[in-house]
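Subject: Structure for your study

Dear colleague,

Please find below the structure that I am handing over to you. I would be grateful if you kept it open while reading the notes that come after it.

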6 protein chains.
Amino acid sequence: MYDVITLGEAMVRLAAPGFGRLEQATSLEMRPGGAELNVAVACARLGMKTAWVSRLPDQPLGRFIRNKAREQGVDTEAIVWGGAAERVGVYYVEFGAAPRSSSVVYDRADAAVTRLAPGEVDWAALFAGSRHFHTSGITPALSPSLADVTREALEAAKEAGLTTSYDLNYRGKLWSPEEARRVQEPLMPLVDVLITTEEDTQVVFGISADGPTDANYEQVEASSYAQVAAQLGERFGHDIVAITLRSGASVWFNGWSSLAWQAGKFYTDTVRDLEIVDRFGGGDSFAGGFIYGLQHYDVGEALRFANAFSALKHSVPSDFAWVTRAEVEAVLRGDALRVKR
Amino acid sequence: MYDVITLGEAMVRLAAPGFGRLEQATSLEMRPGGAELNVAVACARLGMKTAWVSRLPDQPLGRFIRNKAREQGVDTEAIVWGGAAERVGVYYVEFGAAPRSSSVVYDRADAAVTRLAPGEVDWAALFAGSRHFHTSGITPALSPSLADVTREALEAAKEAGLTTSYDLNYRGKLWSPEEARRVQEPLMPLVDVLITTEEDTQVVFGISADGPTDANYEQVEASSYAQVAAQLGERFGHDIVAITLRSGASVWFNGWSSLAWQAGKFYTDTVRDLEIVDRFGGGDSFAGGFIYGLQHYDVGEALRFANAFSALKHSVPSDFAWVTRAEVEAVLRGDALRVKR
Amino acid sequence: MYDVITLGEAMVRLAAPGFGRLEQATSLEMRPGGAELNVAVACARLGMKTAWVSRLPDQPLGRFIRNKAREQGVDTEAIVWGGAAERVGVYYVEFGAAPRSSSVVYDRADAAVTRLAPGEVDWAALFAGSRHFHTSGITPALSPSLADVTREALEAAKEAGLTTSYDLNYRGKLWSPEEARRVQEPLMPLVDVLITTEEDTQVVFGISADGPTDANYEQVEASSYAQVAAQLGERFGHDIVAITLRSGASVWFNGWSSLAWQAGKFYTDTVRDLEIVDRFGGGDSFAGGFIYGLQHYDVGEALRFANAFSALKHSVPSDFAWVTRAEVEAVLRGDALRVKR
Amino acid sequence: MYDVITLGEAMVRLAAPGFGRLEQATSLEMRPGGAELNVAVACARLGMKTAWVSRLPDQPLGRFIRNKAREQGVDTEAIVWGGAAERVGVYYVEFGAAPRSSSVVYDRADAAVTRLAPGEVDWAALFAGSRHFHTSGITPALSPSLADVTREALEAAKEAGLTTSYDLNYRGKLWSPEEARRVQEPLMPLVDVLITTEEDTQVVFGISADGPTDANYEQVEASSYAQVAAQLGERFGHDIVAITLRSGASVWFNGWSSLAWQAGKFYTDTVRDLEIVDRFGGGDSFAGGFIYGLQHYDVGEALRFANAFSALKHSVPSDFAWVTRAEVEAVLRGDALRVKR
Amino acid sequence: MYDVITLGEAMVRLAAPGFGRLEQATSLEMRPGGAELNVAVACARLGMKTAWVSRLPDQPLGRFIRNKAREQGVDTEAIVWGGAAERVGVYYVEFGAAPRSSSVVYDRADAAVTRLAPGEVDWAALFAGSRHFHTSGITPALSPSLADVTREALEAAKEAGLTTSYDLNYRGKLWSPEEARRVQEPLMPLVDVLITTEEDTQVVFGISADGPTDANYEQVEASSYAQVAAQLGERFGHDIVAITLRSGASVWFNGWSSLAWQAGKFYTDTVRDLEIVDRFGGGDSFAGGFIYGLQHYDVGEALRFANAFSALKHSVPSDFAWVTRAEVEAVLRGDALRVKR
Amino acid sequence: MYDVITLGEAMVRLAAPGFGRLEQATSLEMRPGGAELNVAVACARLGMKTAWVSRLPDQPLGRFIRNKAREQGVDTEAIVWGGAAERVGVYYVEFGAAPRSSSVVYDRADAAVTRLAPGEVDWAALFAGSRHFHTSGITPALSPSLADVTREALEAAKEAGLTTSYDLNYRGKLWSPEEARRVQEPLMPLVDVLITTEEDTQVVFGISADGPTDANYEQVEASSYAQVAAQLGERFGHDIVAITLRSGASVWFNGWSSLAWQAGKFYTDTVRDLEIVDRFGGGDSFAGGFIYGLQHYDVGEALRFANAFSALKHSVPSDFAWVTRAEVEAVLRGDALRVKR
């Protein structure tokens, strides 16, 4: 019954205001965040019937996360509720300015979500009549139990005939490249649509572009990334591989683009100039926009839609893409950056 | 007795903080704003004796607007007061970041000002001994009654020997191009100084530059705009026509310039690079600076002064130009962007 | 399929921070509010499946309201969407301190909700399998069209076998006592549960307590209000009449209680001492708690529950009752005002 | 031409937010304040044509003060402007909670106002056709030059036939009781209306109540203060003496009242219960309300009006009385502390 | 070399602003807090040379805590530093209003401090030449390792000839009464000065007052608590037992007092009326003030000093006692709650 | 015993939030600031044992400054304390946007520090066993007494064998170029390490680059500045001369570099692109980083370290360099501006 179902953690995001440092802060801005919740929100905002599956503790911060998902129109009925004494993960954010990059301090060990166990979610019921399932590499990284749930969900999704997508989302603070590969390689054949970055595929699967890229991934060379996408697709049997490309040696400004491979065909898009308000959740908004696009357009159009959508997300202070479809369409039309009066 | 008198609406401006969206906001920054009040404030700050004519309800928000005009030294004695149950118009602002433009949601229908009727303001008394009258295309767009008041005021101003200026300020959310033309074309012969943009003259009077301009008005070609100014001046018999030019495909940075036509002669100015804090009221500050300039300098100097003044206004969070004459002079001198210690 | 369905307006509530005045404010706190939405939120928070019916414009502020309802778990699928150029009503709040009372400036004329027309909501579908319908005297006061919708909804609810409740909620700024009586008297026989205050029944229906009450309703005499409840119940055939009682000549502190009449029997409760953070929505939270109570307890227990719930709501900055059932139970148990560690 | 003219300093008031301490603060709330400016604002808000005379430096903080006076409708044309390198006085405020009192750190030495010299203000022009002149004991305390200006102004006022009022306002951090007496005793015969507290008259003139008052002035005994007023009036020849009375051993709650003596007759008023938001400027608002009252009512009515007005001022975060005449009238009518809807 | 050394955890305290709920918050106020750090800060502010021993991770939040201790003049050289990937405990605070109590959500499992192990702190060096050691029942409750460190520290302190104090501080969310008793009973003979509440001694040691106390500890009966103190002192051989007494069925107002027993003699103090800004850390400030008092006065004077000091702390938004000795002395003198000018 | 000791003033810095003007502000952000305190903080943060010598009044703002120095790990034991009635200097900051530069209003006359007199600091004790002494040209500019203390300290430092550094820091609002030269020329032979800008050496000592530099110092030509450094070094006998170079006609972006001369040898560094959050204290952070570098590296490395450190400081809202050594090392390694996850 759902257009999209995602599985994953969500955390309380606490950000130092302005460009302040955590050491200096006297207050922190509180928002929700989490890769797969971000994707769910993107999908729901674009009008898809979307559910998010996770595990939250029954205390104010757990309700905070649940409420914020609901606020965006995400169905939260499938959340598994833990006890009041359990915790929600937290991550602390600082927004940078060159030469200081934005940074994150994670505090998510033993969050309630890590205790989600196979058998606790009725996947068959959720997936009956549904179209798309999405998760990311963060989910299996969080705990062995969640790794099992990830596999359980992907298998159930395939069995129920859903399209599956997976964002590689490598997090070096959660596991080593070796662990990431060991756990995720067996999952790849269950994935129809792989979304990733050149950097992550290099780290996790050792697949990298032939052409010259600088060590910091600051110079984007789309053509060489196309080969990466092709290698991934061919190795794991994905239908579609999409790679997002962020460029520029600046914190406040980036170029933003992506490319996609499908059955040997490549699709690219223009590089969009971003004035960056908040880059967190940028990749997740691409994933959400791309899933939307795949349900409404061909791959090339889906790519353009997803790029424009995630470009807009970078202008909004939140992990969530507080953006409307009409705004995406205006960007795609090339509307001027003027105030409409 | 006044150097400048302006007529028009003012609203409560409620802006989402930072670069947040209205949907996200938990508080809104409250400031006053309104094209002709902005002009009056600019004039008063520059030292001219200035009055603003409007209609406000006798409730806290009406007093808020009145107080803020007074704070800037604008004479508010000529305001017509409506009842406590009437409303003040509101506009909601979001500040953007490329590729998301800044945007506005207006809520000004049936504001107290729209009920201002001919005969309620004693123009003869106000204009006796005064020098300049200014209004803009927003005023007649707000209600038929205000359109009548606009004509009444312009006629009285001309009769009393004042110089009149008019900013075309087309607002597509208030009326159609046809209505705008029908109402304003008869007013133009009453206008000595017309202030406008190429875009607005194209929309309202169908007068456009010959040369190639891109559809989004992002590329400024001053020479072609000069022809526009000349056509306007010759068609309607204006003494002076000034056109402001904003360039650049960015939200945070613009080039800013303007040109003026007087009796067949053109005046241009350098393009100033703006780091934009708040572009609302930018055009109004030009008008205010230009009126000041016309009372103190020749047209070329007035143009330079107005450009520098409005360039500074873009650096200030407000519709109002919280800027001093000394600061304009520093910009005109080319002072470095260093902290004075 | 719903435990509760409510019908009514919602507005953007803009409050001056702290105890500041609107004239002084430089920012306003933005929250949603509206009598029947408040009731729906109360019901949803207490675990009932709840829908709210209204009409909102498709622009950021309309979405803001919708989102905030969803955040609380209220179903918003039945909202009728108007155009992007329509408006949301706004009310401006000041929090007082003796001898200055808290105050409100309403700006809700011509809000999108006022254009909701009979036939636009599929009441039969909504009510099928549902249990309770609630609205208040604000709804028919907003426009003749809404008055028709109110009647339409009440009749459909009775036909579908739902329990109906109605909060008299007289608003002198919306209509006269005569109009209020003329429109609402015919509705009363459709109302099973009437919720009101002594003041409102006096103004609208001319029913007042015999005993001595002071002109400002500051001294509560529960016994005399019981007669009022009985008169109402007998005159209009209500099953239950509940009256809330606020006492105390202070802004920061009130006594809070209520009483109920059912079939000739009276129920009263203790007076709870309130340290008041936000009294707006206090009565609505009573209504929500009472509806919950009627679905779970007898009238006397429902009254106790509703009183405790709305007493807690007064401690929270919002029209909404950000309160949990567990907290109500702690108050009912008489837990000490100590920090649980 | 003025109903009221006041003379005195104004400062930037920087307050720690909430109930925080200065040592803890990371931001300070900035507002204007100053005894005689506060009085001028009170008078202007009540509808009197009011001018404030002072000396300010021509830099942003000087303009800040001037602007805020204008915002309230106070005429600022008579301000004497000093150089850009001069300073504005500052005072730092902490709001307390029992057993911690609210407190102030002054930093006003050598403020621009202290350099105001006799002969710089054209009193004759200002006073021509005017009705009332007011200053307070802070003005002569600030500098010998200002003491001379105070005398100059009082003499000019008497000569021009104005009523004069003087608030004793003893400030122990500015001068000793001996100095205060030496400078002010000669001024007293120039004062028609003396406004003071029992504490100040005791410290400066050694006049105290016979009856038992506790050392902290927390217990008010109106009758004994009446004798103080009478002694003052008889000793210095004042027409009217008014004494404000604050009671209560609490920071958040006070009783507030006052009494007046005129030609041997006493006037008292009820004690109003205050929920205190901001007590700074409380006495000044009494003075302003009393001046208004004396121009519109008899002494007894003026006292009632002034008490209600200053009671309301205590509910507003500011030295200024952001209060309207209509609100005063509601308090005098005894309106309930209910929200008007 | 230190006057006082304390041992214990510190956390980041994140509080919902105003009286808001965590579920509603969009920002949280960040401050440091922790029972024994609070005590250390109190001691350092009163002029004692004070060190705080703990374990913190080398990341921004660890530095935040360390910095804030230093800001107060607490020596932080003895802190043991953990790795950058470790965490700081967090607690989330809501400030209540009757009938809603203030509340706390703890998230401190596996904080870096819980890994502090015996042998890591050079107690002998720290204690050489020092006078007083303090810790509380929270420390051994946090982990078995910390329980060992607590014993290690107390034994070393006694050996080095220091006076030891211990605040029982029972935390039901950390351990059961049985565990608390099992671990702490053996520590008691090492404690010279026991500080506690009647409630905690009842829960942990089963020692309660004979006289009638209500179940919520809202009614204070000092005499019966005296027996509790005596029982404790006699049973465990403490030199001094102090019990703090909080009374009142309100969130915003409490009565505050304490009593002490020493060698069979009782000391009591007046009940101070508190207008409560922040009750967190209230007991810790008593402990700090009492330690100060014991080094400067006799027990009775120490008690009076500690009560006044902690009464003042309740007026300050922080766990820390941002209070000066001069302010304590003013309270002890009975200075009026007037603004000093 | 100290690695570094600095001497100088510190002020309360009050900044208008965002890019607002002081005239507009309703709150000001409060932070500490002061050239030599900034240097001390930089040194302490980098791990050096650092003391700061100054004079502060014993009132909340004096304690505020002292506390903030302690928070950073700066030893404040050598501060000389003045009376509670003395003042702390204040400076008011506005952050600009092109074409409006950031600006400062100073209010520091007669601050407590200006009364520091020779003989009050026991330099011999402080310097015994210490390594480095630093002050700047602001210190002797503040008062004749401080000029004497500056000389006293430099002489004592040389006598005790410390390395001395001096930042020329010319402040035109404190003294004329002639005074600056007269007072400082005799100090120069006591200075081992001179830190300055081309602009300041030109103004104070008339030493300027030969090559073409534009009048606003916006175009940096490192080679010509090298000659300036050499001239300074040779004329005054400094061991090392370092010159910081800021370039770019923008407020939000600068190029940042520096060069050093030592014994005839020149060292230069790359120009770092800054996204500027707060340029105040930028030069001071260079000085602190350079002192650190000189104690750990050779001059070339010290220069690179200092440049990277001060480049980072520009990204932080504060005069203080809330930066860690690890972050400097990341910049020096050329780490990408990516979020580390």
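This is a predicted model: local features need pLDDT of at least 70, side-chain atom pairs count only at pLDDT 80 or more; totals for chains, interfaces and linings use all residues.

**A strand inside chain A**

Which strands pair with E2(A)? One partner is strand E3 of chain A (residues 27-33), joined to E2(A) in the antiparallel sense over five bridges. Within that pairing, A:Val12 has A:Pro32 of E3(A) as its bridge partner. Another partner is strand E7 of chain A (residues 90-94), where the sense is parallel and there are four bridges. Here A:Arg13 has A:Tyr91 of E7(A) as its bridge partner.

Chains B and C contribute to an open sheet of eight strands with mixed pairing. The order of the strands is E8(B)-E7(B)-E2(B)-E3(B)-E3(C)-E2(C)-E7(C)-E8(C). Why is one side of E8(B) and of E8(C) left without a neighbour in the sheet? Strand E8 (103-107) of chain B and strand E8 (103-107) of chain C stand at the edges, each with a single partner strand, so one side of each has no neighbour there. From one strand to the next, the twist averages 30°.

Two of the pairings in this sheet may be followed in the model. E7 of chain C (residues 90-94) runs antiparallel to E8(C), and five bridges join them. C:Tyr91, for instance, has C:Tyr106 of E8(C) as its bridge partner. Helix H2 of chain C (residues 60-71) packs on the sheet. This helix touches E7 (90-94) and E8 of chain B, together with E2 (11-15) and E3 (27-33) of chain C, and its direction makes about 60° with that of E3(C). The other pairing links the two chains: E3(B) and E3(C) are antiparallel over three bridges. In it, B:Leu28 has C:Leu28 as its bridge partner.

**The contact between chains B and C**

How many residues of chain B are in contact with chain C? There are 23, and they meet 23 residues of chain C. On the chain B side, the elements that give two or more residues are strand E3 (27-33), helix H2 (60-71), E7 and E8. H2(B) provides the largest share, five residues. By type, the residues on this side divide into 12 nonpolar, four polar and seven charged.

**Chains D, E and F**

An open sheet of eight strands with mixed pairing is also formed by chains D and F, in the order E8(D)-E7(D)-E2(D)-E3(D)-E3(F)-E2(F)-E7(F)-E8(F). The edges are held by strand E8 (103-107) of chain D and strand E8 (103-107) of chain F. The average twist between one strand and the next is 30°. In chain F, strands E2 (residues 11-15) and E7 (residues 90-94) run parallel and are joined by four bridges. F:Leu14 stands opposite F:Tyr92 in E7(F).

Chain F can be superposed on chain E by a rotation of 180° with 0.0 Å of shift along its axis, giving an RMSD of 0.0 Å. The two copies are thus related as by a two-fold rotation axis. Within chain F, the C-alpha nearest the axis belongs to F:Glu71, 2.0 Å from it. The same surface serves both copies, as 100% of the contact residues of chain F recur in chain E.

**Two helices of chain B**

Finally, helix H6 (residues 177-184) and helix H7 (residues 198-205) of chain B pack with their axes 8 Å apart, at an angle of about 85°. H6(B) and H7(B) are therefore roughly perpendicular to each other. H6(B) makes the contact through B:Pro177, B:Ala180, B:Arg181 and B:Gln184, and H7(B) through B:Val203, B:Val204 and B:Phe205. These residues comprise five nonpolar, one polar and one charged.

Yours sincerely,

A colleague

How values were computed:
Residues are numbered from 1 along each chain as its sequence is written. Chains are lettered from A and ligands numbered from 1 in the order in which they are written. Axes are lines fitted to C-alpha atoms, for helices over the stretch in contact, and angles run from 0 to 180 degrees between N-to-C directions. Angles under 35 degrees count as roughly parallel, over 145 as roughly antiparallel, 65 to 115 as roughly perpendicular and the rest as oblique. Two residues are in contact if their C-beta atoms, placed from the backbone, lie within 7 Å. Ala, Val, Leu, Ile, Met, Phe, Trp, Tyr, Cys and Pro count as nonpolar, Asp, Glu, Lys and Arg as charged, and the others, Gly among them, as polar. Two strands pair if DSSP finds at least two bridges between them. Copies are superposed by least squares on the C-alpha atoms of residues with pLDDT of at least 70 in both.
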